[in-house]
Amino acid sequence: MTSTPKILAFAGSTRVDSYNKKLVKIAAAGAQAAEVEVTYLDLRDLPLPLFDEDLEAQEGLPVNARTLKDLLISHQGLLIASPEYNSSLTPVLKNAIDWASRPSANEAPLTAFADKVAAIMSASPGGLGGLRGLSHLRAILQNIGVLVLPAQVAVPKAYEAFNTDGSLRDPQQQESIEKLGKNVANILLKLY
């Protein structure tokens, strides 16, 4: 192995006290324990306009979209926590994926996503924990070249699932989320 694999961890939410931001940080800690480099990204820090081909044709890729795309390209793994909005993923997450998937000159299609290894997870106030949204996220990611690990975790009743320090109250849930991060890290360590 010539370098330490890198994992980009982010949530499909911009809310300051997002359950999914807390969740992905737990997975990131699991990956870090496996001795890979993890970068946490808050999509709130990279606001993007709604995807619009006319805007792209007139002005090119927005600066924050280029920043996101560069981050994705420079990491081999992904940890994504996605809230569920109306039985699907959030518009923020879909918009980020759409912008980052846009080709640049002299670049292979879907460069930001091809050959990545990912784990997905969700926390939701509902009884299914965001499970329905994860199926849509999985389908999108697989279609753009991401190897999405079969294991996923959905945490229901998120409003009562977390301790004040951001950890999960249920030790088994905590362990399963940490394991998602560790699994991505272990696969990357074998590949790289």
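In the predicted model, the charged end of arginine 15 is placed over the ring of tyrosine 19, at 5.1 Å from the ring centre. Tyrosine 19 belongs to helix H1, which spans residues 19-33, and is partly exposed, with a relative accessibility of 21%. A further charge-over-ring arrangement involves lysine 25, which lies over the face of tyrosine 40 at 4.7 Å from the ring centre.

Two aromatic pairs were found in a search of the whole structure. In one of these, the ring centres of tyrosine 19 and phenylalanine 162 are 6.0 Å apart and the planes meet at 5°, so the pair is classed as stacked. Distant parts of the chain are linked by this pair, as its members are 143 residues apart: tyrosine 19 is in H1, whereas phenylalanine 162 occupies the loop between strand S6 (153-155) and helix H6 (171-191). Phenylalanine 162 is counted as buried because its relative accessibility, 6%, falls under the 20% limit. The pair formed by phenylalanine 51 and tryptophan 99 is edge-to-face, with 4.9 Å from centre to centre and 70° between the planes. Phenylalanine 51 is located in the loop between S2 and helix H2 (53-59), and tryptophan 99 in helix H4 (residues 91-100), so that parts 48 residues apart in sequence are tied together. With a relative accessibility of 29%, phenylalanine 51 is partly exposed, while tryptophan 99, at 0%, is buried.

Helix H1 consists of 15 residues and extends 22 Å from its first C-alpha to its last, close to the 21 Å expected at 1.5 Å a residue. At the start of the helix, a side-chain oxygen of serine 18 comes within 3.1 Å of the backbone nitrogen of asparagine 20. Just after H1, a positive phi of about 70° is adopted by glutamate 35. The buried residues of H1 are Asn20, Lys21, Leu23, Val24, Ile26, Ala27, Ala28, Gly30 and Ala31. Their covering includes strand S1 (6-11), S2, S3, strand S4 (117-123), S6 and H6.

Threonine 39 is situated in strand S2, residues 37-41, and is partly exposed, with a relative accessible area of 23%. Apart from neighbours within four places in sequence, threonine 39 contacts Ile7, Leu8, Ala9 and His75. The C-alpha atoms of threonine 39 and alanine 9 are separated by 6.1 Å, although these residues are 30 positions apart along the chain. The side chain of threonine 39 also forms a polar contact of 2.8 Å with the side chain of histidine 75.

Histidine 75 itself is in the loop between helix H3 (63-73) and strand S3 (77-81). This residue is buried, with a relative accessible area of 1%. Residues up to four places away in sequence being excluded, histidine 75 touches Lys6, Ile7, Leu8, Thr39 and Lys116.

Over residues 5-159, the chain is 36% helix and 18% strand, and the end C-alpha atoms are 34 Å apart.

Key:
Residues are numbered from 1 along each chain as its sequence is written. This is a predicted model: local features need pLDDT of at least 70, side-chain atom pairs count only at pLDDT 80 or more; totals for chains, interfaces and linings use all residues. Side-chain values use heavy atoms; hydrogens and water are left out. Helices (H or I, at least four residues) and strands (E, at least two) are DSSP runs, numbered from the N terminus. Buried means under 20% relative accessible area, exposed over 50%, partly exposed in between (1.4 Å probe, protein chains only). Contact means heavy atoms within 4.5 Å. A polar contact is a pair of N or O atoms within 3.5 Å; within protein, one must be able to donate a hydrogen and the other to accept it, and residues adjacent in sequence count only if both atoms are side-chain atoms. Rings of Phe, Tyr and Trp (its six-membered ring) pair if their centres lie within 6.5 Å; planes under 30 degrees apart count as stacked, over 60 as edge-to-face and the rest as tilted. A charge sits over a ring if NZ of Lys or CZ of Arg is within 6 Å of the ring centre and within 35 degrees of the ring normal. The expected span of a helix is 1.5 Å times one less than its number of residues.
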